[in-house]
Amino acid sequence: MLDAIIVLAVLIAAIAALAYARARRRPASDGDAVIDKFGSLSNAERCDFIFAIAALDDPSSLRLLERALDDPCEAVALAAAHALTTAGSTTQLERFFAEHPGGRTDRIAASLELLA
Amino acid sequence: MSVHASAGASLAAAKRPRVMRPLSEVFAPGAPTLPERLRTLVVSPERELEPGMTVRATFTFRNHGGAAATGVRIRFNLPDGLVYLVGSGLLDGSELDDELGNSPLLARAGAHVGDVLPNEERRVEIAYSVAGAIENGTTVELQAAVASFELPCIGSNVVRLVARSKPQLPNALTGIAMEAARDAVPGSQAQVTIRIHNAGESTARDVVVVSPIPEHSSYVAGSARVNGREIERDLGASFDRMYAPVVLRSLPARASATLVYRVAIDAPLPGGTQIVARAEVASQETPAFSLEPASLTVVSAPDFGDERTAFSADPAHDVRPGQRVRLSLAAFNAGTAAAERVSAQLELPDHLIFVRGAATIDGRPLRERRKEPLRFALGTIDAGQCVTLCAEGVLTSPLPDKSVVSAAAVLDWEGPPASSRRLECELRVRSEPAFPPRCNALTRVGSAFAVPGSGLEAAIVLENDGSADAHDCVLYVRVDPALDDLAIFESGRRLALAGRSADSAPDTAELGTIEAYASRRLTIKARVPSPFANASELRIGAGLHTRELGETHLPYAVWRVDSHPAFDRDASRLELSGQSVLRPNQLADVEVVVTNIGTDTAHNVTLRCYISPEARLESVDGATREKSSLLFGELAPAAHARARLGLRLLRGLAKDWPVTVDGLITADGMLPVPLERLTIATSAEPDFSTGNLLSEPADAVDPGETVQWFLHVRNGGDGTARNALISVAAPESLIYVPNSTTVNDVPIRDSGALPPFAGARGIVLNDVDPGVEATIRWCSVVHNASPAGTSIVHVAHIRYDGERDDEIVSAELRVRATPIFANAIPGLPFGLDGMLGPALAGHPLALSEERFLQLPPATPVGEGNGAHPLARLSAGRDEDVEDAHVEVFETTGIDVTGTIAAFTPERLNRTLRLLRGARFRGLITHLFAVRAFLPEGVGDAHCSALEPARELLREELDRLFIKLRLPLYVLAPRDIETPSLRSTLERLVREAGAARGVPAESPTAALTLRGTFDPRELRDLGERFAQAQLATALPWASLARLLPDETPGWADYRALLIEALDGFEDSDCNEFIDALQHRYDSRLDAALDAMAASLHSTV
């Protein structure tokens, strides 16, 4: 059981690393393909994916994080917002909050304040 | 002779074989005559005949045989020159002609006369008429022939007649004529026709015509023709060179011949000259006779009517105004007579100015005349001569393009007849407007420097220097797109502007027509937008488009923009928001507004803040802070930047000492601008109202018992007390123990016999900062005579700042007195009347070398006296903790290591919020507590793994926090276990196990949480750490031991947490993961709540 979990963790890490590598390698025009692939992941996998690219500061990763702010899953959006905050890209985040007022945005902002 | 010939012929016929020819074959052309067998043909006349004469012939024959001759037929011949007279053929007196007048006697078959009986005679008669024209000497032979069935054809005798005739040339039809083809003008040709008619009966031979060439004319070579046939070839010489040539070899009777030749009339010839043609005709038969002469009258006059007389201009096309035009009048006398006194009069229009002195006739200049300069005498011009008059004119300007200027010349001459002719020529003008650069320009008005927001003005001068009007003039303005409010004025009137296309800016103005040599003055105005970049170049150009010339460009007017950023004290300011009075240790929000009122972007905008030393700049929001400067970066014109400064007023500020904030705005390329000083009023007041006065014992005391008094005074205000006078009134029931007074355990000498606080001024404390606490302790002895139940109350007065007087009253201390009769006192070898008294409070402590000592750090006042219940605010080394540490070591023999977690108020708030938000139904809540209270210092040495561990824990648990918000999310070991976190925590536990001592106090922390742990325990856990997963309890149990335990509440929570985690010592990761998510421990949670509540009260 433990081995299986480790293998699964390694697999997810490999997927994240691969996604990261492809995101780095691909030109900006391939960003949509990565985003499409991102959309096919489960909620937890999307969270892991965002955690994996959180430390990246390349444009495609930032675009993906911005896109993930509008993710149907609020936890995924929270992960993206947290990643953007950690990366210092608060301008995009504030713009998103300004453009999407409502309860969901308030909850994300409150959670971010908790984690600050 | 005819007889002999006839006889000879008969002989020849006799000798020849007899050929019998039928009657139809005799008298055939070319056939020989028949032998003369019957000599009964009689002809009248017998010898000669003349034209028109009638010839009668009678033929008689008889049947001399014995039988009847049947089928008898008779035939006569018809010789040339004779014509049968109709109705003259008779047989025995009977006509033989048929109904058409044809006589059978002349037919091929002959006339059938029927049978002729023997001896029967028949008589046949016929008459001929001699033709009108028969050549003289012609022989006519007549013969008759008879035949029957029984007899061959027999010929009669042949009668031969000789014709006599002659020609007749002089007659009415013979004559001469002369006529011209059109008019008999000199030089033209005329034709001479000589007609010769032979009115006689015979041919005229060798007809000769003598026709000399008429005077004033000349023979046209080769023109002589006779009946249309050229004769000079037969003559062998030119017709005019032969005097009497034979023009005809024969001219038959009744025939005509025509001799024609042409002559050219000499030119010139005076009008009316007669040209007479004469001729004589003769032939061999006719002597020469003259014909009636024929004549022509010559018509002649001068003539200037053909195209050789012309009036022309050079050039005639595309003549430009101002250009010289050469006028030429060619007078050519195309007539046949000379023109006398010929003169020419030029008629020039107003637009063509005659150039005097330039006229010539046949290239020769004329004498200058003042009178009638346009009239020129050309003299006599003979026929065929030409005189050329040349003059020059200059075309005036202006003139419309394609206009036509007509000039005329009138040519007059005298006869015959006198006449004149008017000739005209046209000049087609090529004229166009012109806008030369020397008088068309666009010039800048005013300075070459443009200030944003100001207007630009340029003057346009359009002058049509051409010779024609300029039509459809449109002024195109090319302005920098950045310019605003473009307008064009003319004579103070604003012109309407339109765009070149639907989507272009309006930049064209219709100017209509600019007449020749007229000028238009326009003014272009535009406004420089503000802001605008400095040193930019602004250009205004223009072009004039006309229908004739297309586009004419005008030079550009150029301005250089003089633009700078600017700040002033009105638009840029420092403002205090919120409260108007700043109190110590409070944050004041200062709004900074920096507005670029200039016209260019300000780069590296920096606000240098000079803040009074009493205040500290703590936070900056909205700008980048660099020490005391705020960096705003670039600031566009008219833009403003706002920043919020958080100023904290430091403690120790004197009362009413305002805080000043000075700002100085600097930016690239501009002078520093000092802002108006912001003065923040401060209010700092000391407050000693929250002190207490305690006694020990607290409630009851026996007489003679020593009572220790503790006066805790604390400056609970926010200002420094310059002087605080503490005086305590001693009740009579108490006896002061001399020299027992200490201030913060520092002995204070008594004031004479009185305690120091009972002197005139009492104990005077100087410069007591806010929060500083002083404890005055002294001892007194309850008066032995105090009866039981005596209430002892101490009252302390604290006067400070001159006007405040706070009173601190101690709790009531009652004297407890009991009767005692024995006098045996333990310890004494003798009895003693009296009572066992209290020992003295101790040896008086000597003062240190210095007279005045710095008060020790403040200590918290006791609970219930307004101070914080649990937390301690400490600003220096906490001796109590060290004491506790030493105490633990001394009492238990366990060497412990201290931890410290320092919190600012903000961090404490965040931590509490996190703990409230991270409440899950499971032990994982307490992992967040571990993350929140993990210390910053362990032991007295630097713990290098501590900070990375805090960061990694924070990162990992933040992720857990997010993931746990996923619906139905199940934790997995991989959510906790990461290699970096594992190695860092392992190192932390190892370093903590090796740590000794107590960490130093954080100088900036407002709240410190301290704890202690047994390093041996940590070392033991650290040894097992390597084999444990992070998803098991052991790592977290190790970290839990680093949590604070200074207060009972904290210690309680830490103990419960360690106990709970140690309970999973033997559990695997799955069990621990399950507990993290589902194990609910109410006691542990309550302890955490209590700890959080205690911390919350300190906020």
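Here's a quick briefing on how the two chains are built and where they touch. The model is a predicted one, so treat everything below as computed from predicted coordinates. Chain A has seven helices and zero strands, while chain B carries 12 helices and 74 strands. The contact between them draws 15 residues from chain B and 14 from chain A, and α6(B) is the helix to look at, with the largest share of chain B's side.

**Chain A**
- Reading along the sequence, you get α-α-α-α-α-α-α, with seven helices and no strands at all.
- Of the 116 residues in chain A, 28% are buried.
- Take the chain A contacts between residues at least 6 apart in sequence: 66% of them join residues at least 24 apart.

**Chain B**
- Chain B runs to 1099 residues, and 37% of those are buried.
- For contacts in chain B with a separation of 6 or more, residues 24 or more positions apart account for 76%.
- Its secondary structure comes to 12 helices and 74 strands.

**Where the chains meet**
- Chain B puts 15 residues into the contact, and chain A puts in 14.
- On the chain B side, α4 (905–917) and α6 (946–963) each supply at least two of the residues that touch chain A.
- The largest share of that side is five residues, and these come from α6(B).
- Sorted by class, chain B's side has seven nonpolar, seven charged and one polar residue.

**A closer look at α6(B)**
- This helix has 18 residues and reaches 25 Å from its first C-alpha to its last, close to the 26 Å expected at 1.5 Å a residue.
- Its buried residues include B:Leu946, B:Ala949, B:Leu952 and B:Leu953.
- Also buried is the run made up of B:Glu956, B:Leu957, B:Asp958, B:Arg959, B:Leu960, B:Phe961, B:Ile962 and B:Lys963.

**A three-stranded sheet in chain B**
- Chain B has an open sheet of three strands in the order β60-β71-β68, with mixed pairing.
- β60 (700–701) and β68 (791–792) are the edge strands, each pairing on one side only.
- β60(B) pairs with β71 (residues 813–815) of chain B in the parallel sense, over two bridges.

How values were computed. Residues numbered from 1 in each chain as written. Chains lettered and ligands numbered in written order. Predicted model: local features only at pLDDT ≥ 70, side-chain atom pairs only at ≥ 80, totals over all residues. Contact = placed C-beta atoms within 7 Å. Helix = DSSP H or I, 4+ residues; strand = E, 2+ residues; numbered from the N terminus. Nonpolar A, V, L, I, M, F, W, Y, C, P; charged D, E, K, R; others polar. Expected span 1.5 Å × (residues − 1). Buried ≥ 20, exposed ≤ 12 C-beta atoms within 10 Å, placed from the backbone. Pairing = 2+ DSSP bridges.
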